[in-house]
Amino acid sequence: MEEIINRLDLGAAGLWFPVTVSLLLALCMLLQPKRLVSWVELYITFGVVGLAAWLSDVLVMRVLDWVDLGDAKITGIGEILSYTLIPTSLAILYLNLTTYEKRWRNSILFTLLSFLIQAGMEYVGYMKVISPLILYVSPIFYLIVFRFILPLHLRIIQRQH
């Protein structure tokens, strides 16, 4: 039991930040009235974005070694929540709030929000940037995902059912 508790990385500096952000975003996503996204679309988006987030975790943190969250040697609860709830909740909130007319505005707002969450994790000491390249790549990546990939994802889902 002690080994399981140690593997959760509960002593990581700044752990409170990703846990708080994850839970708040997940609550917002679940409690927000579903206007533009159905529960089926939410369910599919959660799975697809969650998989993509974990694959990016493997690429950015394990293969390229650009970033470490918490203890670099273990996958703790903060990292699990950060890669499971933050991207999926943001994606679903974005899709549920973004009409065709607001697509650029919301893409920029959600890109800024994503970057602020990333900066907050670094500020509180939970995230350690190993390669400063991540600071330039991530905002571009966020904008591409919110502006182009997520709307395409939703169109594909909506055509299938």
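Trp 16 has 54% relative accessibility and therefore counts as exposed (over 50%; buried is under 20% and partly exposed in between, with a 1.4 Å probe and protein chains only). Phe 17, at 16%, counts as buried. The model is predicted: local features need pLDDT of at least 70, side-chain atom pairs count only at pLDDT 80 or more, and totals for chains, interfaces and linings use all residues. Residues are numbered from 1 along each chain as its sequence is written, and side-chain values use heavy atoms, without hydrogens and water.

Seven aromatic pairs were found in the whole structure (ring centres of Phe, Tyr and Trp, the latter by its six-membered ring, within 6.5 Å; planes under 30 degrees apart are stacked, over 60 edge-to-face, the rest tilted). Trp 16 and Phe 17 form an edge-to-face pair, because their planes lie at 90°, with centres 5.7 Å apart. Tyr 94 and Phe 146 form a tilted pair, at 5.2 Å and 55°. This pair joins helix α5 to helix α7 across 52 residues (helices are DSSP runs of H or I, at least four residues; strands are runs of E, at least two; both are numbered from the N terminus). Tyr 94 and Phe 146 are both buried.

Helix α3 (residues 39-63) has 25 residues. Its first and last C-alpha lie 34 Å apart, close to the expected 36 Å (1.5 Å times one less than the number of residues). Buried residues of α3 include Leu 42, Val 49, Ala 53 and Val 60. Just after α3, Asp 65 takes a positive phi of about 55°.
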